[in-house]
Amino acid sequence: MKMELEDIEYRKIVVEEYRPDVERLVRYLPWLEQKAGGSVSENYTGSGIGENSISFPVYDSTLLSFIKEVQRTTLLDRNYQYIYSRHRIKTLEDELRAISQADITHMDILKGILSKYVMGGMTKGRLWSDAVKNRVFLNCVQKMKENLEFWDKPMV
């Protein structure tokens, strides 16, 4: 009986900790769903760019808003590499499987995967596009929302 009470208390703490941040990201779910499998960036080919110049991606403004919103939350884990090694996550398939299997006690896995793409995208711009195309952002936010709603009231 004591274990069950501790378990319930732990879940309440997790809900209180994550709910405000996840609520901020839920509004991007329709956009992430619409863009899944597609492209959210294009290479800049403006005037003055010659064939000897380096092209760079131009991102969808909603994607940039989503990234900035995630950066303003407590959902970024600078030590996400430890999550990957501890849970033996190596491939996209491993990430998607880990996301689908994560319950409220594994929110750190969802944070870790989200962090890899948001923080990694700062230096490897393609990661943001890949995360939208491969449904990583969508699945992470949906799973966080689903976990919190299971133990608390629905989010708007």
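This is a predicted model: local features need pLDDT of at least 70, side-chain atom pairs count only at pLDDT 80 or more; totals for chains, interfaces and linings use all residues.
Trainee: Let's start with charges. What makes Arg24 and Glu69 a salt bridge?

Mentor: Their closest N and O atoms are 2.7 Å apart. The cut-off for a side-chain nitrogen of Arg and a carboxyl oxygen of Glu is within 4 Å, so the pair counts as a salt bridge. A search of the whole structure finds 13 salt bridges.

Trainee: Why is Arg24–Glu69 said to tie together parts of the chain?

Mentor: Arg24 lies in helix α1, residues 2-26, while Glu69 lies in helix α3, residues 61-71. The parts that this pair ties together are therefore 45 residues apart in sequence.

Trainee: Why is Glu69 called buried, and why is Arg24 called partly exposed?

Mentor: Buried means under 20% relative accessible area, and exposed means over 50%. Glu69 has 8%, so Glu69 counts as buried. Arg24 has 29%, which is in between, so Arg24 counts as partly exposed.

Trainee: What makes Glu69 and Arg27 a salt bridge?

Mentor: The closest N and O atoms of Glu69 and Arg27 are 3.2 Å apart. That is within 4 Å, so this pair also meets the rule. Glu69 is in helix α3 and Arg27 is in the loop between α1 and α2, 42 residues apart. Arg27 has 55% relative accessibility, which is over 50%, so Arg27 counts as exposed.

Trainee: Which residues are linked with Glu69 in a network of salt bridges?

Mentor: The network links Glu69 with Asp21, Arg24, Arg27 and Arg72.

Trainee: How do you know that Asp94 and Arg97 form a salt bridge, and where do they lie?

Mentor: Their closest N and O atoms are 3.1 Å apart, within the 4 Å limit, so the label applies. Both residues lie in helix α5, residues 92-101, and they are 3 residues apart, about one turn of the helix. Asp94 is buried because 17% is under 20%.

Trainee: Now the rings. What makes Tyr80 and Tyr84 an edge-to-face pair?

Mentor: The count comes to 5 aromatic pairs. In the pair Tyr80 and Tyr84, the rings are 6.3 Å centre to centre, with 75° between the planes. The centres lie within 6.5 Å and the angle is over 60 degrees, so the pair is edge-to-face. Tyr80 and Tyr84 both lie in helix α4, residues 80-86, 4 residues apart. Both are buried.

Trainee: Why is the pair Tyr117 and Phe137 called edge-to-face?

Mentor: The ring centres of Tyr117 and Phe137 are 6.4 Å apart and the planes are at 80°. Those values are within 6.5 Å and over 60 degrees, so the pair is edge-to-face. The pair links Tyr117 in helix α6 with Phe137 in helix α8, 20 residues apart. Tyr117 has 6% relative accessible area and is buried, and Phe137, at 0%, counts as buried. Along with Tyr28 and Phe66, Tyr117 and Phe137 form one aromatic cluster.

Trainee: Which residues of α8 are buried?

Mentor: Among them are Val136, Phe137, Leu138, Cys140, Lys143 and Leu148.

Definitions and conventions. Residues are numbered from 1 along each chain as its sequence is written. Side-chain values use heavy atoms; hydrogens and water are left out. Helices (H or I, at least four residues) and strands (E, at least two) are DSSP runs, numbered from the N terminus. Buried means under 20% relative accessible area, exposed over 50%, partly exposed in between (1.4 Å probe, protein chains only). Rings of Phe, Tyr and Trp (its six-membered ring) pair if their centres lie within 6.5 Å; planes under 30 degrees apart count as stacked, over 60 as edge-to-face and the rest as tilted.
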